[in-house]
Amino acid sequence: MMSGPDLENYSSSYSVNKPSGRPVTGQKRTLELEIFESEQSTLEAAATFVSDQVNNRQESVLLLPTGRTPLTLYTQLVSRSQADQLDLSRVTTFNLDEFYGIGADHPGSYHSYMRRCFFNQVPVAPQNINMLDGTTPDPVAECRSYDQKIEAAGGIDLAVLGIGANGHIGFNEPGSTQDSRTRLVVLQPETRASNAFLFDNQPAAVPPKALTVGIATILQAKRVLLLATGEIKAQAVYDMLNGPVTAGLPASFLRLHPSVSIMIDRNAAERINVMQRTI
Ligand code: PGA
C-alpha cells in the first residue's frame, strides 16, 4: 500500500512521458488519473462518470466491459436507474467481447453475465443491445458486421474498459496491434484462469478462444474510461502509464488516445511512482 493520507480520492492531471521526460508521440498527451481509497469508491465514481455521460447525451453509444471489476459499476448503475437518476432507455450498447464456442444461454457467457448484472434490471431497449455471437460459424463475417454496426451507430461515445494483469484491454491479449479490429483471438492461460469464476472455478472450462473488439475500434471511441482495482493490476497499470507504447502491453495504446480517464483504487496504484499533482 502507498502510505500517507494524500492519495485519498486524489484527482490529478497526469502527463504521460517517457522516463527521459520526452513526450511519447512528440505531442503532449494528458490522461486524467484518479486514485480512490477503495474498490467501492472507485466504482461509485465510475458510475457517476457513466451516468454523467448518459445524462448529457441520452442517445450515448457505450462500449461495455465484463469481468469482476465492473460488477459494482453495474450494481450502481442499476440502482441509479431504479431511483430515476439515470435514464438508460435511449442508450445503445456494444459489449467488448464474448467467449467463442459457447451460446448466449451458457451461464459462463458474457451474454449471461450482462443479462444477470445489468440488462435484466434496466430499461435498455433490447434492439439497442449489441453483443458478439460466440456461436457464429463465420467469425470473420460476425466481427466485420459488428464493426460496421458500431460505425452505423455513429461510433462509440464512451468506452468503459477493465485491464488484465497482462495488460490486455477487452480480449486484446499481448501481441495485439494498434490497427487490430474486431476478431477471433486465442486467450492466454492467465486470462482463462481469471475468468474461471464464471465456469465453476475451473480454468480448463473457460473457452480457449474469444471474439473481441479490436484496439483500433477502442481508440476511435470519443472517450475512454479505464478501471482497475486490486494489487494484481498494479504492475499493468504502472506499465501502461510508464512503459513503452507497445503491442506487448495493449493498454499502453490508450496513451495515443486524446481523452482517457483512469480510475483505480490505491492497491492498483501501488507501483505508480511518477505523478504530477495539479491540485
Ligand atoms: P477483471 O478483468 O475485471 O475480471 O479483472 C478485467 C479484464 O480482464 O479486462
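Visitor: How far does the charged end of R68 sit from the centre of the F197 ring?

Guide: A charge sits over a ring when NZ of Lys or CZ of Arg is within 6 Å of the ring centre and within 35 degrees of the ring normal. This is a predicted model, so local features need pLDDT of at least 70 and side-chain atom pairs pLDDT 80 or more, while totals for chains, interfaces and linings use all residues. Residues are numbered from 1 along each chain as its sequence is written, and side-chain values use heavy atoms, leaving out hydrogens and water. For R68, the charged end lies over the ring of F197, and the distance to the ring centre is 4.1 Å.

Visitor: How many aromatic pairs are there?

Guide: Rings of Phe, Tyr and Trp (its six-membered ring) pair if their centres lie within 6.5 Å; planes under 30 degrees apart are stacked, over 60 edge-to-face, and the rest tilted. Counted by this rule, the aromatic pairs number nine.

Visitor: Is the pair of F99 and F171 stacked, tilted or edge-to-face?

Guide: The centres of the F99 and F171 rings are 5.6 Å apart. Their planes meet at 50 degrees, so this pair is tilted.

Visitor: How many residues apart in sequence are the parts tied together by F99 and F171?

Guide: Helices (H or I, at least four residues) and strands (E, at least two) are DSSP runs, numbered from the N terminus. F99 belongs to strand β5 (residues 97–99), whereas F171 sits in the loop between β7 (158–161) and β8 (183–186). The pair therefore links parts whose separation in sequence is 72 residues.

Visitor: Are F99 and F171 buried or exposed?

Guide: Residues are buried under 20% relative accessible area, exposed over 50%, and partly exposed in between (1.4 Å probe, protein chains only). F99 has 0% relative accessibility, and F171 has a relative accessible area of 2%. Both F99 and F171 are therefore buried.

Visitor: What kind of aromatic pair do Y110 and Y113 form?

Guide: Y110 and Y113 are three residues apart in helix α3 (residues 110–117), about one helical turn. Y110 is buried at 3%, and so is Y113 at 1%. Their ring centres are 6.2 Å apart with 70 degrees between the planes, which makes the pair edge-to-face.

Visitor: How many of the eight residues of α3 are buried?

Guide: The buried ones are Y110, H111, S112, Y113, M114 and C117, and they pack against β3, α2, β4 and β5. The helix α3 is largely enclosed by the rest of the structure, because its buried residues number six.

Visitor: Which residue of β7 is the bridge partner of L63?

Guide: V61 and L63 point one way from β3, L62 and L64 the other, and all are buried. Strand β3 (residues 61–64) pairs with β4 in the parallel sense over four bridges, where L63 has F94 as its partner. Strand β3 also pairs with β7 in the parallel sense, over two bridges. There the partner of L63 is A159.

Visitor: How far apart are the C-alpha atoms of V245 and Q178?

Guide: V245 lies in the loop between α7 (234–242) and β11 (260–265) and is partly exposed, at 25%. Along the chain, V245 and Q178 are 67 residues apart, yet their C-alpha atoms are separated by 9.7 Å.

How values were computed. Two strands pair if DSSP finds at least two bridges between them. Contact means heavy atoms within 4.5 Å.
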